[in-house]
Amino acid sequence: MSNVIIKINGKTTEIKEPLTIRGLLEEKGIKPGEIVIQYNGDIIDKNRWPEILLKENDELEILRFVGGG
Amino acid sequence: MDLLKIGGKEISSRLFLGTGKFASDSVIPDVIRASQAEVVTVALRRVDFDDPQENMLQYINKECILMPNTSGARTAEEAVKIARIARAAGCGNWVKIEVIRDNKYLLPDNYETLKATEILAAEGFAVFPYMSPDLMVARQMRDAGAAAVMPLGSPIGSNRGLKTREMVRILIDEIDLPIIVDAGIGKPSEAAEAMEMGAAAVLVNTAIAVAGDPAAMAGAFSLAVKAGRQGFLAGLGEARPYAEASSPLTGFLRDRD
Amino acid sequence: MEFYDLYRKQLGHDLDSFLAGITPGEVSDIINKNRITETGFLALLSPAGQKMLEPMARKAHGLTVKNFGKVIQLYTPMYLSNHCTNECAYCGFNVRNTLGRRTLTIGEVEEEGRIITKTGLRHILVLTGESPRNAPVEYIGKCVRKLRQYFSSVSIEIYPLHTDEYKTLIEAGVDGLTLYQEVYDPEIYDIVHIRGPKKDYTFRLNAPERACRAGMRTVNLGALLGLNDWQKEVFALGLHARYLQDKYPETEISVSFPRIRPAQGGFQPKVTVSDEELVQMILAVRIFLPRVGITVSTRERADFRDNLIRLGVTKMSAGSCTEVGGRLGGEGRDSQFEISDSRSVPEMRSTIQKLGYQAVCKDWLTI
């Protein structure tokens, strides 16, 4: 158990290991619904979210659809 | 049946609906119903943890064609990235390219938009570039494989109507792709005017979103678009000044022996 | 895609029954539209269009004045060579015809050019038969370089070339290409072009596009009227012009409507095109393509040409001579076809002026 620094949506954030993407979403209170996750530049399929353990210097983009014209 | 063949699909509604700027997203299902729109645009944004919004997609009828836009992109590269993410998220292969580096007027950067169109069309996207109506660039968009061209009527959200009328008319005359007037249409009558000119469709957002009764306004736009389209198909008479009185031009054919 | 791919699809359609079914009312509706579709254009060429010539003329006149002003561009042809390896049924330069074959020397080209400049004309169209041995691209290039010392615009009406050959001639100073398909119907084309390199229908058909690609400033198309039903030919011609206009906006496209004239060999045309029909096609093309140039040569009678000026014509030849070295003096020689309007350039200019138009002998100066 240690703390690691990752970047979420461009912001530096400290998290406690071990934590998966899925775990992070639960911690932040975000419903997996129709959000999109980009992990170190790659778009990651929803069913892989519980498998991926976050590590130091990871970059995560959590995106969702909003209204737009 | 007057169907619009576009982006590999056939649709009957020529009103495309934008979903931004509504006072509450919960009115959107009613608005979509009243507008009869089959193509609905959405945007992609980073989730704000302090203010987690609801998921927009839950309000959009599953039968609608989603057209994610690349709003927020300032370069071709960013637009391409957003388009790829949207497709990976299951939004289908339609994308509206919107590259804006000008925060004052929100006018699109045609050059970056063209670059993004080239890349994404080659990747199999149905690309809908939002652009300032420029004939040369529109031709390049067509050659790059765009599915349609979306010239602006006036700056985004300005509700000023078809200020670019003559330029848009040239695109309609010269570019054999659907021309979809996007941005600036503030009233149903302006949507009708664009359709009468021969636009393939119009995209309306702000005028509906900020109306006193958005669903009722969506219904009004739906009727206006249909009326304008029907007027176009019926073949407008040419507006002319009074006929000039002059001698017959072809009299010589009869006057001979 | 090239024009042939597009045109091939048209060939299967039954144009005759479509044309027969058009009413004058439908023609009137089309005239009143702002934009004319390809189908609308075809309808303007229908027999019903004959009854609507005056309203068509009003529309065509208005469009021409709006797009070109009251201006007629003048040019004159100069024949460089009548050597030809083709056997074309309708042409006086037919390889089988016995005639004095001749290719001008560069000195003679300069001399004839000098004579022409005395008339004030600065736009010239140089012509050859198809004989790459007697009049190769290199020779034509030399003539052009020489003529550019005297003329601000030199166009060519020669055998079809490859793109890089067009580029070579453009570098030499050519700014315009005239190339008639003669007949757009591939079967008739094959019949009237009996022998020679001209038998290659598609190579000729796609040549104007190659010239556009090479950067030619103006490209002039045409169908020789008399070889096929004129409606079909003019329809194809209009589609060809439209196709090039759309695809090569930097090139100015124009069209000609040459009616077959008597020539050595005594060829009998399949159809005769009347004055009324020629007027109808000029009007239809102007309404369909408001920006296209329309050229009328001295094949047509003087009085008839004068009347065409208000109907959509933008370019006319003047002081023409269709024989090689015809202006150099010496005994009369063999011409490609007989001309009908033999007025001199000053006569033409003053007539055009009387009609309220300006005759332009020099449209631009290359700097």
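How many residues of chain B are in contact with how many residues of chain A? The count is 30 residues of chain B against 19 residues of chain A, where contact means heavy atoms within 4.5 Å.

This is a predicted model, in which local features need pLDDT of at least 70, side-chain atom pairs count only at pLDDT 80 or more, and totals for chains, interfaces and linings use all residues. Residues are numbered from 1 along each chain as its sequence is written, chains are lettered from A and ligands numbered from 1 in the order in which they are written, and side-chain values use heavy atoms, with hydrogens and water left out.

**View 1. The interface of chain B and chain A.** Two pairs of chains are in contact, and chains A and B share the most contacts. Chain B and chain A bury about 2200 Å² between them. Carbon and sulfur atoms give 63% of that area. Buried area is the accessible area (1.4 Å probe) that two parts lose on being put together, summed over both. On the chain B side, R46(B), V47(B) and F49(B) lose the most area to chain A. Together they make up 30% of what that side buries.

View 2. One salt bridge is counted here, a salt bridge being a side-chain nitrogen of Lys or Arg within 4 Å of a carboxyl oxygen of Asp or Glu. Its partners are E61(A) and R46(B), with the closest N and O atoms 2.7 Å apart. β4 (39-46) and α2 (76-88) of chain B each supply at least two residues of the side that touches chain A. Helices (H or I, at least four residues) and strands (E, at least two) are DSSP runs, numbered from the N terminus. β4(B) gives the most to this side, with six residues. The side divides into 15 nonpolar, eight polar and seven charged residues. Here Ala, Val, Leu, Ile, Met, Phe, Trp, Tyr, Cys and Pro count as nonpolar, Asp, Glu, Lys and Arg as charged, and the others, Gly among them, as polar.

View 3. Strand β5 (residues 59-67) of chain A runs antiparallel to β4(B). Five bridges join the two strands. Two strands pair if DSSP finds at least two bridges between them. Within this pairing, G67(A) stands opposite V42(B).

**View 4. The interface of chain B and chain C.** Here 23 residues of chain B are in contact with 21 residues of chain C. The buried area is about 1900 Å², with 46% from carbon and sulfur atoms. One salt bridge is counted. It joins R35(C) to D173(B), the closest N and O atoms being 3.2 Å apart. α4 (135-144), α5 (165-174) and α9 (252-255) of chain B each supply at least two residues of the side that touches chain C. α5(B) gives the most, with three residues. This side of chain B holds eight nonpolar, seven polar and eight charged residues. Chain A and chain C do not touch; their nearest C-alpha atoms are 31 Å apart.

**View 5. A parallel sheet in chain B.** Three strands form an open sheet in the order β6-β7-β8, with parallel pairing. β6 (94-97) and β8 stand at the edges, each with a single partner strand, so one side of each is left without a neighbour in the sheet. Two bridges join β7 (residues 126-131) to β8(B). Y130(B) has M150(B) in β8(B) as its bridge partner.

**View 6. Confidence along chain B.** The mean pLDDT of chain B is 89, and 94% of its residues reach 70 or more. pLDDT is the predictor's confidence in each residue, from 0 to 100. Confidence is lowest in α9(B), at a mean of 78, and highest in strand β8 (residues 150-151), at 97.

**View 7. Two loop details.** The peptide bond from E17(A) to P18(A) is cis, with omega near -10 degrees. P18(A) is found in the loop between β2 (11-16) and α1 (21-28) of chain A. In chain B, K21(B) has a positive phi, near 65 degrees, and is a residue other than glycine. K21(B) is found in the loop between β3 (15-18) and α1 (28-35) of chain B.
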